[in-house]
Amino acid sequence: MDPGFSADEIAPIAILMDELRSEDVQLRLNAIHRISTIALALGPDRAREELIPFLQDSVDDEDEVLLALAEELGRNFEEYIGGSEHAHLLLGPLENLSAVEETLVRDKAAESITKISANLSQAQIEQYYIPLVQRLSRGEWFTSRTSACALYHPVYDKVSPQVQDDLRRGFASLGSDDTPMVRRASAKWLGSLIKKLSKQHVLNEGLTIYRRLQGDDQDSVRLLTVEDMIAIAQQLSPAEVKEQLLKQIRQSMADKSWRVRYMSASHFNELAEAVGQDLVREELIGHYVQLLKDNEAEVRTAAAGQIPGFSKLLDKEVILLRVIPCVRDLCQDTSQHVRAAVANQIAGLAPLLGKDATIEHLLPLFLHLLKDEFPEVRLNIISKLETVNKVIGIELLSESLLPAIIELAEDKSWRVRQAIIEYVPLLATQLGKPFFDEQLGNLCMSWLGDNVYSIREAATVNLKKLTEVFGVEWAKVQIVPKVIGMGQHPTYLFRMTTVQAITTIAPVLTLDIVKGEIIDTLLQLGQDPIPNIRFNVAKSLEVLATTFGTNPQGKQLVEQKIAPMLDAQQKDSDADVRFFASKALQQVHALGA
């Protein structure tokens, strides 16, 4: 803001009012985003007396403008109106926004009210916040009542016992509202309130609200009660859960709506951990098996995602008897999404089953999934093999799965090939040099010629990692000659890959290897007819100079071979080559200095 004018002369409130009356939505939106600057210019007193009342009347606007206003008021706006002792003044505009038709605006307003409540004193809460909640709860339109549901739990533990009684009664009435949207909001926020209640209040009142919502005729309400059920179970002892919640658990798991069963399957592990070991053994294992066999693929997918987490709570014998047969069926499932979910989780069973049971029961399933027609299934199995390797050892893994992995190395899906490449350094570490050279060496080099750029790029990074695993001498024999050989290839993509491979692996090689054939090949490619190759050579020479130019021998290489080449490239006919050559030379001169 121009320091030559006072805040009064600029009259920021007038400017804001003009901009908010503008027909241009973007201008109104920009004005709202600047209200903190305007409040700052006005000062705390005028912000309270002029800006807040003005904003309170500004609810007749486009939804995106109202959304921005709801967000701005929740961003520590109390700083601009004199601190937290005046924070309750912000509740007025936000109360209005909590009742508008657009859900996003209401949700953001409720979120901002919640943030402000953290800065209010008990007196402010009881004098301003609680009446606001009560007004919204009794609002004529369902929009205000849905917003009210989100506002009970933030302040429940900050008010007197008498006010807490009123809050519980108010929330209970929202839980039996005539409008499904209000009951849905009530189900959504009940769990948060339950966490603040004493056990006695949970048993006497929380359970009553929950049971009513859990028996609602709308599945959109019932599905939200799954998380409420978990919140209640966490507050009760295993015996109380069995007595008070068992019927509802059974109903949710076998609900006629697949969406409720899906929600139950998605949160199954949380529920299992909350209810106690006895109930898991007696009750939940049966429900889990039913969810894994559900007739809806979405439910089976969600249940499959819980396999290792739930199995941790079971004895090994129970896993083998009850879970593994289901897993076997899911590996043959008609839905590719179910198979992908199983492939992503099945490796997590290996540590629980131990070596022998993994070999007997899981290895055949891995092999089956590795041959699945859907790339994501194969990808998920490959990415989790490390877990299995830790249990059964690399020898068995390579013996049983390596043929399938080699087959996947040429998979038609490039993402699968890329996953295999990323897994190779790990395999190499565990297989050792001789086995690797025999089985996978040629494969690694063949990826450098892949027709997908991402694969060629991953293959060069792979060579660097392998050099770190097996050492520089191995790279000198196994990698360097093959990379150099590709530099003579008639296809420019192969020559380009040579440059990129040298750039990537040079930092882990020795100066002697670089001074050998590598630098000469690079200099030769610096005169390639393809400009892309020439400017990549300039980038590569910069990497070599910065990597090796700090010791005397390296400096000699830079002075005798690298700098002259870059000088020549500065006169190149292609602008990109000249640019990268100049950039590299600057780096070389900086090293010399």
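**Salt bridges and overall shape of an all-helix model**

Arg 168 sits at a relative accessible area of 7%, so this residue is buried (buried is under 20% relative accessible area, exposed over 50%, partly exposed in between, with a 1.4 Å probe and protein chains only). Its salt-bridge partner is Asp 165, with the closest N and O atoms 2.5 Å apart (a salt bridge here takes a side-chain nitrogen of Lys or Arg within 4 Å of a carboxyl oxygen of Asp or Glu). Asp 165 is partly exposed, at 29% relative accessible area. Both belong to helix α11, residues 161–175, and because they are three residues apart there, about one helical turn separates them (helices are DSSP runs of H or I with at least four residues, strands are runs of E with at least two, and numbering starts at the N terminus).

A word on the ground rules: the model is predicted, local features need pLDDT of at least 70, side-chain atom pairs count only at pLDDT 80 or more, and totals for chains, interfaces and linings use all residues. Residues are numbered from 1 along each chain as its sequence is written, and side-chain values use heavy atoms, with hydrogens and water left out.

Zooming out, the protein chain has 39 helices and zero strands. Its radius of gyration is 33 Å, well over the 25 Å that the globule rule gives for 593 residues, so the chain is more spread out than a compact globule (the radius is taken over C-alpha atoms, and the rule is 2.2 Å times the number of residues to the power 0.38). Along the principal axes, the C-alpha atoms fill a box of roughly 85 × 80 × 40 Å. Even so, 53% of the 593 residues count as buried.

Side chains of opposite charge can pair when their charged atoms come close. The whole structure holds 26 salt bridges, including a network that links Glu 71, Glu 72 and Arg 75.

Two pairs join stretches that are separated in sequence. Lys 561 and Asp 520 meet at 3.2 Å, N to O; this pair links distant parts of the chain, with Lys 561 in helix α38 (residues 552–569) and Asp 520 in helix α36 (residues 511–525), 41 residues apart. Lys 561 is partly exposed at 31% relative accessibility, and Asp 520 is partly exposed at 38%. Asp 572 and Arg 534 form a salt bridge at 2.8 Å, N to O. Asp 572 lies in the loop between α38 and α39 (575–592) while Arg 534 is in helix α37 (residues 531–548), so the pair ties together parts that are 38 residues apart in sequence. Here Asp 572 is buried at 14% relative accessible area, and Arg 534 is buried at 8%.

Finally, the surface: Glu 62, Asp 63, Glu 64 and Glu 101 form a negative patch (patch residues have over 30% relative accessible area and no salt bridge, with like charges joined within 9 Å and nonpolar side chains, namely Val, Leu, Ile, Met, Phe, Trp and Tyr, within 5 Å). Glu 101 is placed in the loop between α7 (91–97) and α8 (103–117), and with a relative accessible area of 70% it is exposed.

Note on methods: Areas by Shrake-Rupley, 256 points an atom, 1.4 Å probe, with all protein chains shown as cover. Lys, Arg positive; Asp, Glu negative; His and termini not counted. Charge placed at Lys NZ, Arg CZ, Asp CG, Glu CD.
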